[in-house]
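Open the model in your viewer and keep the selection tool at hand. The tour goes stop by stop.

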Amino acid sequence: MAELQKESVTLARQAPSAPPLTATGIPVDPIIISNNTPHSPVPWSTGLCNCCEDVSSCCLTCWCPCVTFGRVAEIVDRGSTSCGVSGTIYSLMLCLVGCSCLYSCFYRSKLRGQYLLEERPCTDCCVHFCCEECALCQEYRQLQNQGFDMSIGWHGNVEREKRLAATMASPSPLPPQLQSGMTR
């Protein structure tokens with residue numbers, strides 16, 4: 001069984017041409033995208049200190065960073081861990097160890113790997129150690145700019161994409177008839 005899985009992964013990575021890409025916001029395996037040609041890292045969509053670009057996520061992160069982290073972790077983990085579980089672990093690390101950045105910096109690395117982002121302005125652990133709230137805000141904005149609705153989580157975004165794809169694939173019904181003029 002394991003041999004079959006390894007073979008299917010190997011075949012997928014050796015595909016002669018990649019399928020056309022659509023902007024869904026859902027991370028895709030960079031090896032399949034690149035056809036085994038290396039890509040140079042791309043810059044983040046916003047700067048580390050641009051927290052005020054999205055005031056609502058900035059406020060959320062300042063007063064409840066565990067929620068921001070939980071939402072980021074759920075998307076980065078592709079729904080394998082929930083926002084609540086990740087946020088709780090983050091909170092426990094903050095309360096017990098006093099340094100939740102030990103946990104959150106790994107998710108920054110994972111996010112960078114999924115979207116081929118630059119490691120800037122310094123290493124992921126240094127960014128989280130020195131500017132935890134700014135780093136969480138930047139990651140949150142990055143995922144929003146990738147097309148995710150952070151408030152509905154991974155599974156909600158997948159369902160939204162399925163509904164969008166279904167409406168695009170099915171023929172559109174007649175538009176609703178509008179009444180003309182005023183009626184009493």
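**Stop 1: the cysteines**

Select Cys137 and Cys51. The sulfur of Cys137 lies 4.1 Å from its closest cysteine sulfur, that of Cys51, which is too far for a bond. A disulfide needs two cysteine sulfur atoms within 2.5 Å. Cys137 is buried at 2% relative accessibility. Here buried means under 20% relative accessible area, exposed means over 50%, and partly exposed is in between (1.4 Å probe, protein chains only).

How many disulfides does the structure hold? The count is 0. Now pick Cys122: this residue is in no disulfide either, and its nearest cysteine sulfur, in Cys126, is 4.7 Å away. Cys122 is partly exposed, at 32% relative accessibility.

A word on the source: this is a predicted model, in which local features need pLDDT of at least 70 and side-chain atom pairs count only at pLDDT 80 or more, while totals for chains, interfaces and linings use all residues. Residues are numbered from 1 along each chain as its sequence is written, and side-chain values use heavy atoms, with hydrogens and water left out.

**Stop 2: His128**

Move to helix α7 (residues 124-130), where His128 lies. Helices are DSSP runs (H or I, at least four residues), numbered from the N terminus. Is His128 buried or exposed? His128 is buried, with a relative accessible area of 1%. Show its side-chain partners. Another, of 2.6 Å, runs to the side chain of Glu139. A polar contact is a pair of N or O atoms within 3.5 Å; within protein, one must be able to donate a hydrogen and the other to accept it, and residues adjacent in sequence count only if both atoms are side-chain atoms.

**Stop 3: salt bridges at Asp124**

Stay in helix α7 and select Asp124. Asp124 forms a salt bridge with Arg108, with the closest N and O atoms 3.6 Å apart. Arg108 sits in helix α6, and the two residues are 16 apart, so the pair links distant parts of the chain. Asp124 is buried at 3% relative accessibility, and Arg108 is buried at 0%.

Salt bridges that share partners join Arg108, Arg112, Glu119, Asp124 and Glu139 into one network.

The structure has 8 salt bridges, each a side-chain nitrogen of Lys or Arg within 4 Å of a carboxyl oxygen of Asp or Glu. One of them joins Glu118 and Arg120 (3.6 Å, N to O). Arg120 is exposed, at 52%.

**Stop 4: aromatic rings**

Colour the Phe, Tyr and Trp rings. There are 5 aromatic pairs. Rings (the six-membered one for Trp) pair if their centres lie within 6.5 Å; planes under 30 degrees apart are stacked, over 60 edge-to-face, the rest tilted. Tyr103 and Tyr107 pair edge-to-face, at 5.6 Å centre to centre and 80° between the planes. Both lie in helix α6 (residues 101-115), 4 residues apart, about one turn of the helix. Tyr103 is buried at 17%, and Tyr107 at 10%.

Next, select Phe148 and Trp154: this pair is tilted, at 6.1 Å and 35°. End by selecting Phe69, Tyr90, Tyr103 and Tyr107, which ring pairs link into a cluster.
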